[in-house]
Amino acid sequence: LCCECGQAHPLLDNHLYNFQDEVDDELICHICLQPLLQPMDTPCGHTYCFKCLENFMQEYSFCPMDRKKLSFQQCHKSSLLVRNLLDKLVVLCPFKAECQQSMQRCELEAHLQNRCPGFKKYKSELQRKKNPISKGKEEPPAKGETNTPKDPEVPSGGSSLVAESSGAAVVSLGTAEPGLVNPAFEETEEGESLGQKTSLVAETTTIEIHREDPEEELGMRIVGGKDTPLGNIVVQEVLRDSVIAADGRIAPGDHILEVNGVNISSVTHCQAVSFLRHPGPVLHLMVLQEKGFSNKTAQQDSACTNREVIHVTLVKRDRSEPLGIKLIRKTDEAGIFILDLLEGGLAAKNGKLSRNDRVLSINGQDLRQGTPEAAAQIIQTTESRVNFVILRQPGVQLGEPVEDGSTSNSSSSSNGGSPVHHRRRPDQNHYRRKSNYQKKTVAIKKEPKESLGITIGGGRDNKNKLPIYVTSVQPIGCLFRDGRIKRGDVLLSINGIDLTHLNYYEAVSALKSNAASHSVTLKALEILSLNSPEPSLDIREQGFSWSPLWITWLGLPSYLHFCQDIVLSKGNLESWGFSIVGGFEESKGNQPFFIKTIVPGTPAFRDRKLKCGDEIVAVNGVPAIGMSNSELIPMLKEQRNRVTLTVVSWPGSLV
């Protein structure tokens with residue numbers, strides 16, 4: 001009998017189990033017609049047992065289900081989520097006469113070896129048959145032969161691959177992110193599963209945008225900034241017939257890292273808008289573009305000169321604790337590089353690792369030509385001390401400031417020399433963007449024919465279901481003379497008529513009809529910015545069709561939010577395909593959850609409704625407020641084929 005499953009089967013065949021309940025057909029191998037063992041995914045989306053597929057591919061070169069061309073090297077292990085589901089299937093002990101125990105499939109071997117009276121009796125009888133006199137050896141002779149590797153290695157690797165071993169990662173859920181990567185997911189499933197199975201392909205690209213009119217807007221909306229949980233500047237939308245659309249290389253979800261040589265990965269939202277709105281005939285953008293999930297081969301190493309080697313040790317409290325590091329492969333240089341350190345993560349608190357550091361080795365394992373997923377696997381299997389050897393370019397410091405006050409350099413821009421400071425004091429209110437507004441009631445006397453003198457935008461028929469807001473105060477009306485209503489104010493009511501649920505044309509009609517009165521009473525909200533805009537920002541905005549910045553909307557009270565339900569569906573082996581950041585942290589309190597990344601080719605990407613910068617309010621009707629990242633991500637992972645996200649979507653800042 002096999003010492004792992006307790007049943008008789010040929011050495012090269014799969015183990016046999018007596019399952020307590022009928023197993024879902026989605027978890028059945030269509031070669032052996034038994035529940036999957038060591039499941040392997042094919043590129044065409046089918047899943048088989050490792051041994052079944054290996055034996056089949058020795059004779060054939062196509063998928064057993066759809067007969068598409070296939071080689072075993074193209075297949076990879078199923079996600080950690082799927083493997084865990086299979087391991088948790090309940091089986092019965094095969095020694096029914098002596099043992100009536102049931103347990104998870106992954107626990108059967110230990111049960112047989114240590115607790116099962118039936119298997120103990122079998123081994124004793126086997127030993128007596130082998131040697132009626134001696135009672136020494138108890139191990140069955142076939143033990144070494146019947147034990148098979150539980151995790152067969154499948155060649156994998158990749159160029160330009162992002163792997164995250166932290167808690168805000170890609171919520172890859174189905175395939176396990178650097179969640180982010182936070183990693184999303186990671187730390188979350190992405191960190192575990194992508195590290196072992198596949199990686200998120202991302203490329204850093206420099207794009208040159210030309211404008212015939214140096215003042216012409218680029219035509220894209222952006223979200224994020226270091227004063228928000230998103231951190232990076234992310235493209236939310238590209239407008240039709242715009243300069244960016246005509247160029248065709250920038251897409252929603254791209255992260256903008258540099259503008260004309262200036263690093264904007266550590267600036268506020270308002271500062272980023274100012275840089276992107278700067279006029280000029282040519283604009284140089286460095287962007288990080290995610291391409292989806294892939295397995296590729298490693299690139300060759302490149303020379304490493306004029307750099308210093310640094311040794312860094314991070315100590316995990318337990319094996320599952322994430323380090324909070326995003327790793328990436330570049331298209332133009334071999335090796336693994338640190339893309340980002342997650343705020344509040346172990347690496348960020350330690351303060352010795354920095355962005356753009358190249359990882360040479362982890363725990364003595366050479367990674368000079370390694371991949372992010374290989375690094376993630378080493379980190380995840382380490383119990384406590386994680387020893388990094390990294391290579392750093394002297395004079396280049398792109399790292400996050402750390403809470404213990406370690407120094408962090410600032411870099412100067414190449415277009416005018418104005419510095420972009422990366423050092424921030426820990427007591428700044430980064431990420432603490434709560435409702436921040438001032439209510440005001442404006443009662444004025446006026447002539448019946450005198451105009452209010454304002455223009456408005458928004459309305460619940462707007463794509464983003466915005467409240468009515470003031471886009472301009474003209475110098476010819478009574479409100480300009482009064483001076484209390486300003487551009488950007490949200491209008492709540494006029495003469496007692498509620499404006500918050502009206503569409504644009506209904507609001508215009510209500511304002512015009514009440515403007516004919518001798519007295520007008522307006523109730524409004526003034527959104528107070530926690531960070532003053534750059535002095536040049538408002539000046540540059542005059543050339544735009546004005547609308548509030550994305551960060552302004554985050555200050556609105558919740559009763560003005562327009563929530564919508566987005567329903568996503570996926571297959572059993574798919575990832576949901578988005579990453580989240582935010583949530584409750586002791587040091588920062590309650591923060592909103594935001595969509596940071598949407599991965600091409602995934603259900604979230606195909607649905608087209610979810611956007612970067614959207615705020616998650618609830619999952620399947622359960623409010624997300626007060627939850628931590630580590631609470632919401634498992635809730636998302638539990639949803640097998642369908643999930644309903646309640647989100648609030650604010651339009652990104654136009655640049």
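## Overview

The secondary structure of this protein comes to 16 helices and 35 strands, where helices (H or I, at least four residues) and strands (E, at least two) are DSSP runs numbered from the N terminus. This is a predicted model, in which local features need pLDDT of at least 70 and side-chain atom pairs count only at pLDDT 80 or more, while totals for chains, interfaces and linings use all residues. Residues are numbered from 1 along each chain as its sequence is written, and side-chain values use heavy atoms, with hydrogens and water left out.

Of the 655 residues in the protein, 54% are buried. Buried means under 20% relative accessible area, exposed means over 50%, and partly exposed is in between (1.4 Å probe, protein chains only). The accessible surface comes to about 29400 Å², and carbon and sulfur atoms account for 49% of that surface. Such areas come from the Shrake-Rupley method with a 1.4 Å probe; for residues, only the protein chains shown count as cover.

Two strands pair if DSSP finds at least two bridges between them. Strand 2 (residues 39-41) is joined to strand 3 by three bridges in the antiparallel sense, and M40 stands opposite Y48 in strand 3.

Strand 12 (residues 255-259) is largely enclosed by the rest of the structure, because four of its five residues are buried. Strand 12 pairs with strand 11 (residues 233-238) in the antiparallel sense over two bridges, with V234 opposite H255. Two bridges also join strand 12 to strand 13 (residues 262-263), again antiparallel, and here E258 stands opposite N263. The hairpin of strand 12 and strand 13 has two residues between the strands, and N260 takes a positive phi near 50° in this hairpin.

Helix 8 (residues 269-276) has seven of its eight residues buried, so this helix is largely enclosed by the rest of the structure. Among the buried residues of helix 8 are H269, C270 and F275.

## Salt bridges

A salt bridge is a side-chain nitrogen of Lys or Arg within 4 Å of a carboxyl oxygen of Asp or Glu. The count comes to 11 salt bridges. In one of them, D357 pairs with R392, the closest N and O atoms being 2.7 Å apart. D357 lies in the loop between helix 9 (346-350) and strand 18 (358-362), and R392 lies in strand 20 (residues 385-392), 35 residues apart. Both D357 and R392 are buried.

K440 and E526 form a salt bridge at 3.4 Å, N to O. K440 is in strand 23 (residues 437-445) and E526 in strand 28 (residues 519-527), so the pair ties together parts that are 86 residues apart in sequence. K440 is buried, with a relative accessible area of 12%. A network of salt bridges links K440, D489 and E526. R481 and E450 also meet in a salt bridge, at 2.5 Å, N to O. R481 counts as exposed at 53% relative accessibility, whereas E450 counts as buried at 19%.
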